[in-house]
Amino acid sequence: MSECIDKPKDEVGVSVSTISNWYLVRISKPLIIAVLFASLSGITGCAPTRNALPPELVSKATVIGMPDVRDWGGEHSRLFQEDLVDSIRQARRLDPRGIVDEHGVVSILALSGGGAEGAFGAGLLNGWSDSGTRPTFKLVTGISTGALIAPFAFLGPDYDDTLKNFYTTITTKDILRARPMLGLLGVKDSLADSSPLAKLLKKCVTKDVLEAVAQAHKQGRRLYVGTTNLDACRLTVWNMGAIAASGKPGALELFRKIMLASASIPVAFPPVHIPVEAEGAVYDEMHVDGGVTTEVFFYGFMLDLDAAAHEAGVVEKARIKAYIIRNAEIRTEYDMVKPQLLPIASRAIANLIASQGLGDLYRIYTITQRDGIDFNLAYIPADHVSVAKEAFDPEEMQRLFDLGFRLAGSGYQWQRQPPGLVD
């Protein structure tokens with residue numbers, strides 16, 4: 001798989017994440033000023049049009065040709081509950097206990113957003129493989145940069161080289177193409193064009209990858225990716241294995257679209273429009289970065305594990321381990337803020353994102369305690385000081401990758417609680 005990005009940088013556009021706030025302020029300050037000017041002055045133009053789904057049809061809309069591949073996150077899902085039962089039955093064909101992990105437990109991996117700092121998670125996974133202790137995950141979830149890591153983490157160590165190249169060989173110019181400033185005044189839907197990311201996904205997420213995900217799905221393993229439905233302002237969880245295993249002609253394109261959407265932060269990247277049908281008519285949904293609603297997700301309140309195990313005929317409850325990789329530090333680094341609009345706005349947004357990420361960890365921890373699941377958390381150590389010269393600096397990403405690799409290789413000390421809790 002590594003050949004999909006082993007090419008000169010001037011030939012292949014590469015993106016592994018959303019555009020960071022750092023990028024928005026320090027690289028695209030003139031573009032943001034243009035957008036602010038347009039907003040404040042009431043300038044309008046020929047904005048993009050769409051056939052948006054009416055609010056009264058939101059609960060009835062399904063993906064064209066694939067009605068059972070997604071649902072809302074954060075609430076019980078009949079669809080995902082039935083799929084969980086099916087996954088246990090599929091796994092029991094290989095193991096009577098419904099366990100696919102060679103270490104004797106059911107292992108779950110949740111990958112957070114974090115932009116270029118996804119290099120830490122990629123390094124941790126590589127080092128984990130190198131140590132010989134990395135489990136086969138029954139469930140992998142991903143948001144934003146985590147959504148781009150997730151399929152390859154799901155497929156296992158054979159794709160470690162792909163992850164390494166993703167996160168150690170790119171620069172900011174490999175990720176996007178900035179739009180002309182004048183074209184932003186009430187006309188465009190984003191500061192930049194995300195076609196480089198779409199091009200990369202087309203190269204790397206191939207039919208072979210789709211078939212491998214489908215095969216793992218049929219063995220009872222699951223891959224979930226989260227996007228934000230911007231009209232509804234709600235997390236949408238996509239069953240990527242169900243898409244891969246559907247056999248539908250548009251499965252590969254939809255798979256890539258969802259990955260692109262999960263990594264498309266509003267304003268920086270354009271939204272991804274996904275066609276849906278409701279009451280015999282076709283509409284479009286606008287999907288953006290899953291990090292708009294959550295920085296990392298588990299299965300939330302979508303599933304009842306005990307009820308599913310009982311329905312699938314499992315008598316003895318299996319031990320479950322949840323591994324959460326936060327591709328960021330726990331706390332925002334101290335930074336003296338200039339008394340200017342853009343630095344103040346950027347700093348405030350960064351703090352909101354960091355606080356949301358911390359809240360997500362507490363929510364996941366609460367669920368694991370309720371369901372008797374082992375909680376294991378990894379994150380970038382506080383003593384790591386970034387030396388990035390741009391949003392996606394290959395030297396800094398290499399440092400983060402090496403850090404994750406080294407920590408995992410030496411026997412990573414997973415945190416058993418979120419920060420702030422005392423045994």
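Residues are numbered from 1 along the chain as its sequence is written, and side-chain values use heavy atoms, with hydrogens and water left out. Because the model is predicted, local features need pLDDT of at least 70 and side-chain atom pairs count only at pLDDT 80 or more, while totals for chains, interfaces and linings use all residues.

Of its 423 residues, 55% count as buried, meaning under 20% relative accessible area with a 1.4 Å probe, protein chains only.

Next, select helix 4 (residues 118-131) and helix 13 (residues 394-409), which pack at an angle of about 35 degrees with their axes 6 Å apart; the axes are lines fitted to C-alpha atoms over the stretch in contact, and angles run from 0 to 180 degrees between N-to-C directions. Among the residues that meet here are Phe120 and Trp128 in helix 4 and Met397 and Phe401 in helix 13, contact meaning heavy atoms within 4.5 Å.

Finally, select arginine 326, which lies in strand 11 (residues 320-326). Arginine 326 is buried yet has no salt bridge, and the nearest side chain of opposite charge, glutamate 295, is 5.2 Å away; a salt bridge would need a side-chain nitrogen of Lys or Arg within 4 Å of a carboxyl oxygen of Asp or Glu. Leaving aside residues up to four places away in sequence, arginine 326 touches several others, including Ser112, Phe120, Leu358 and Tyr379.

Terms used
Helices (H or I, at least four residues) and strands (E, at least two) are DSSP runs, numbered from the N terminus. Buried means under 20% relative accessible area, exposed over 50%, partly exposed in between (1.4 Å probe, protein chains only). Lys and Arg count as positive and Asp and Glu as negative; His and the chain ends are not counted.
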